[in-house]
Amino acid sequence: MLPPSLTPTKSRQADIDENVAAARQAIAHACRAAGRSPESVRLVAITKTFPAVDAVALVRAGITDIGENREQEAAPKAAELTVSGVEVAWHFVGQLQRNKARSVARFADWIHSVDRDRLVSSLDRAAAEHGRRPRVLLQVNLDGAPGRGGVAVSDVAALAESVAKSSSLTLSGVMGVAPPQWEPKEAFDLLAECSHRVRRIEANASEISAGMSGDFEEAIACGATMIRLGGKLLGRRDRPH
Ligand SMILES: *Cc1c(COP(=O)(O)O)cnc(C)c1O
């Protein structure tokens with residue numbers, strides 16, 4: 001039995017059930033259009049700014065993967081669900097400072113936002129300390145705009161080598177966010193090319209995390225294996241991120 005604070009209201013549960021069903025349908029439709037199987041796309045629900053009780057509702061709607069973009073919010077939410085026996089795979093998708101590496105390595109099963117060598121060494125050490133082995137995606141800065149997270153396209157292979165050589169991280173693929181001024185297809189094609197470079201270094205690192213509520217169909221057409229949906233599942237966020 002979950003505590004009352006983690007028990008969704010009937011109406012919120014019904015809304016989330018409906019949103020998840022609609023998202024699954026849209027994903028299946030995009031997969032069919034691309035000649036892919038719907039099982040080839042993992043749906044990661046992004047719960048940032050929403051309370052832990054919404055994550056419970058998502059799990060009851062069949063979601064198995066939950067993502068967050070800020071350590072300060074993610075760590076307590078993951079802990080709250082874990083102590084209540086709600087088991088999901090946790091994904092960390094936001095920019096990551098090295099002083100947060102220990103905390104993130106403790107709860108995250110997947111880290112989508114690895115973009116520099118020094119972060120690789122911090123995460124590797126932290127994962128070893130916790131006796132964990134998170135899966136790591138290299139976040140690529142597709143347009144090279146400064147201030148945005150991500151490794152430059154030209155440095156993807158070198159960073160892949162660095163993760164491949166680590167002792168406690170599993171190199172699993174790439175992640176990208178389509179730059180606002182670009183056609184999504186242009187962005188996701190470039191990300192697919194980066195994925196190819198990574199797979200030359202680690203053949204099993206075939207995950208491509210791409211696509212959000214506004215562009216997941218294009219991402220699926222370009223080969224995304226993970227899409228990250230927030231608004232489409234949970235509604236509008238009060239504070240923007
Ligand atoms: C917030 C966020 C998402 C989800 O965005 P929506 O547009 O709400 O689907 C996906 N990826 C990252 C990295 C995010 O920060």
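Asp189 is partly exposed, with a relative accessible area of 33% (partly exposed lies between buried, under 20%, and exposed, over 50%, with a 1.4 Å probe and protein chains only). The model is predicted: local features need pLDDT of at least 70, side-chain atom pairs count only at pLDDT 80 or more, and totals for chains, interfaces and linings use all residues. Residues are numbered from 1 along each chain as its sequence is written, and side-chain values use heavy atoms, without hydrogens and water.

Asp189 forms a salt bridge with Lys185, with the closest N and O atoms 2.5 Å apart. A salt bridge here is a side-chain nitrogen of Lys or Arg within 4 Å of a carboxyl oxygen of Asp or Glu. Both residues lie in helix H7 (residues 184-201), 4 residues apart, about one turn of the helix. Helices (H or I, at least four residues) are DSSP runs, numbered from the N terminus, as are strands (E, at least two). Lys185 is partly exposed at 49%.

Helix H7 also holds Arg197 and Glu193, 4 residues apart. Their side chains meet in a salt bridge of 3.2 Å, N to O. Arg197 has a relative accessible area of 25%, and Glu193 one of 43%.

The whole structure has 10 salt bridges. Asp54 pairs with Arg12 at 2.8 Å between the closest N and O atoms. Asp54 lies in helix H2 (residues 52-60) and Arg12 in helix H1 (residues 10-33), so the pair ties together parts 42 residues apart in sequence. Asp54 is buried at 5%, whereas Arg12 is partly exposed at 22%. Glu68, Glu73 and Lys77 are linked in a network of salt bridges.
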